[in-house]
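Me: I'd like to learn how to read the charged side chains in a protein model. Can you walk me through it step by step?

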Amino acid sequence: MSEEIEKVKCLIIGSGPAGYTAAIYASRANMSPVLYQGLQPGGQLTTTNDVENFPGYPDGVTGPEMMIELQKQAERFGTDVRTGWISKVDFTGPVHKVWVEDGKEIHCDTVIISTGASAKYLGLESEQKYLANGGGVSACAVCDGFFYRGQDVVIVGAGDSACEEAGYLANICNKVTMLVRRDVFRASDIMEKRVKAIENIDIHFNSEIDEVLGDDQVVTGVRVKNNQSGDTWEVPATGVFIAIGHKPNTDIFKGWLNLDETGYIINEPGSSKTNIEGVFVSGDAADHVYRQAITAAGTGCMAALDAERYLAAKGLH
Ligand code: NDP
């Protein structure tokens with residue numbers, strides 16, 4: 001026999017800064033939000049060591065600590081935070097149906113999507129090791145570059161993100177070695193030219209990381225392989241930045257919501273509204289440009305306010 005269907009006024013999917021901020025606002029507005037944490041409770045920030053650019057933390061805070069505090073703040077006002085992830089949705093009617101991975105069905109008046117995006121990684125064991133222990137692998141130069149000021153770093157990728165991040169790193173680091181896997185950039189001409197003009201960026205084409213080197217605790221460099229000649233060499237570095245793109249976590253919304261060609265949800269400009277009434281989006285699931293904790297939190301707030309107004313207009317709140 002199937003479980004009874006639960007009815008929820010406001011369902012929040014995802015537990016990064018966007019989801020928890022939406023939860024804080026929605027619970028303080030008596031919307032009794034239910035939040036499903038998703039596959040990576042706390043989101044991308046849980047892979048960041050120190051967060052020093054989130055206003056209100058003059059001494060910085062670790063990513064995991066910040067997410068625990070955000071969760072506590074949401075729970076303090078009554079958000080029902082649950083483990084588990086949403087595996088399917090049906091946005092046909094005014095009641096939005098979602099299914100949890102264990103088969104549970106929930107009918108929601110409003111849905112706030114805060115499923116975020118995941119940085120792509122190379123997949124090397126050594127890369128994953130120093131990513132997991134915070135020893136020097138990062139996918140966010142703006143978040144972590146500061147920790148490598150005055151030092152030598154490596155960046156992988158040749159798109160607009162890699163160029164932008166290489167430029168950012170070049171300003172604070174001693175030397176940036178940029179590894180491009182083909183013999184051309186993917187980035188726009190202007191970004192490519194800008195990067196090429198920066199003196200302390202050393203660009204290697206047809207070059208890929210063979211292994212991230214370290215002393216088990218921290219990164220000490222990378223072994224690079226030329227994918228044409230097969231030659232390998234080592235580049236000393238304390239930080240390795242992977243800038244090979246992001247994937248928004250929006251697969252379950254395909255066919256329901258308008259997505260761009262990469263899969264980012266398209267929201268109404270200046271609001272969190274999607275093409276489906278009562279379904280709102282916040283955070284990186286709709287943002288390939290800023291991708292910061294503070295911007296995600298801001299759009300989480302917007303989504304909760306938009307959801308509240310929607311409920312009020314429908315006489316549901
Ligand atoms: P892109 O997909 O545009 O670029 C990814 C880059 O990473 C490519 O150079 C790609 O190489 C490389 N790459 C992918 N996989 C690997 C791998 N396994 N090993 C080595 N290299 C790899 O992603 P971006 O994040 O740069 O950009 C995403 C979108 O955001 C784009 O539309 C971009 O224009 C936009 N953007 C715009 C900005 C701006 O206008 N200021 C700033 C940042 C992003 P290859 O080319 O060989 O596939």
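Reply: Let's start with salt bridges. A salt bridge is a side-chain nitrogen of Lys or Arg within 4 Å of a carboxyl oxygen of Asp or Glu. Before we count, note that this is a predicted model, where local features need pLDDT of at least 70 and side-chain atom pairs count only at pLDDT 80 or more, while totals for chains, interfaces and linings use all residues. Residues are numbered from 1 along each chain as its sequence is written, and side-chain values use heavy atoms, with hydrogens and water left out.

Me: How many salt bridges does that rule give here?

Reply: The count is 11. Take Asp-210 and Arg-223, whose side chains meet with N and O 3.1 Å apart. Asp-210 belongs to strand β14 and Arg-223 to strand β15, so this pair ties together parts that are 13 residues apart in sequence. Strands here are DSSP runs of E with at least two residues, helices are runs of H or I with at least four, and both are numbered from the N terminus.

Me: What does Asp-251 pair with?

Reply: Asp-251 has a salt bridge to Lys-247, with the closest N and O atoms 3.1 Å apart, and another to Lys-254 at 3.6 Å. Lys-254 counts as exposed at 52%, Lys-247 is partly exposed at 38%, and Asp-251 is partly exposed at 44%.

Me: Which buried charges have no salt bridge?

Reply: Asp-287 and Arg-291 are examples. For charges, Lys and Arg count as positive, Asp and Glu as negative, and His and the chain ends are not counted. Asp-287 sits in the loop between β19 (279-281) and α7 (293-313), and its nearest side chain of opposite charge is Arg-291, 6.8 Å away. Arg-291 is in the loop between β19 and α7, and for Arg-291 the nearest opposite charge is Glu-165, at 4.6 Å.

Me: What do their side chains contact, then?

Reply: Look for polar contacts: pairs of N or O atoms within 3.5 Å; within protein, one must be able to donate a hydrogen and the other to accept it, and residues adjacent in sequence count only if both atoms are side-chain atoms. The Asp-287 side chain reaches the backbone nitrogen of Val-289 at 2.8 Å and that of Arg-291 at 2.9 Å. The side chain of Arg-291 makes a polar contact with the side chain of Ser-161 at 3.4 Å.

Me: Which residues have a positive phi although they are not glycines?

Reply: Arg-291 is one of them, with a phi of about 55 degrees. Asp-216 is another, with a phi of about 90 degrees. Asp-216 lies in the loop between β14 (207-214) and β15 (219-226), and it counts as partly exposed at 49% relative accessibility.

Technical notes:
Buried means under 20% relative accessible area, exposed over 50%, partly exposed in between (1.4 Å probe, protein chains only).
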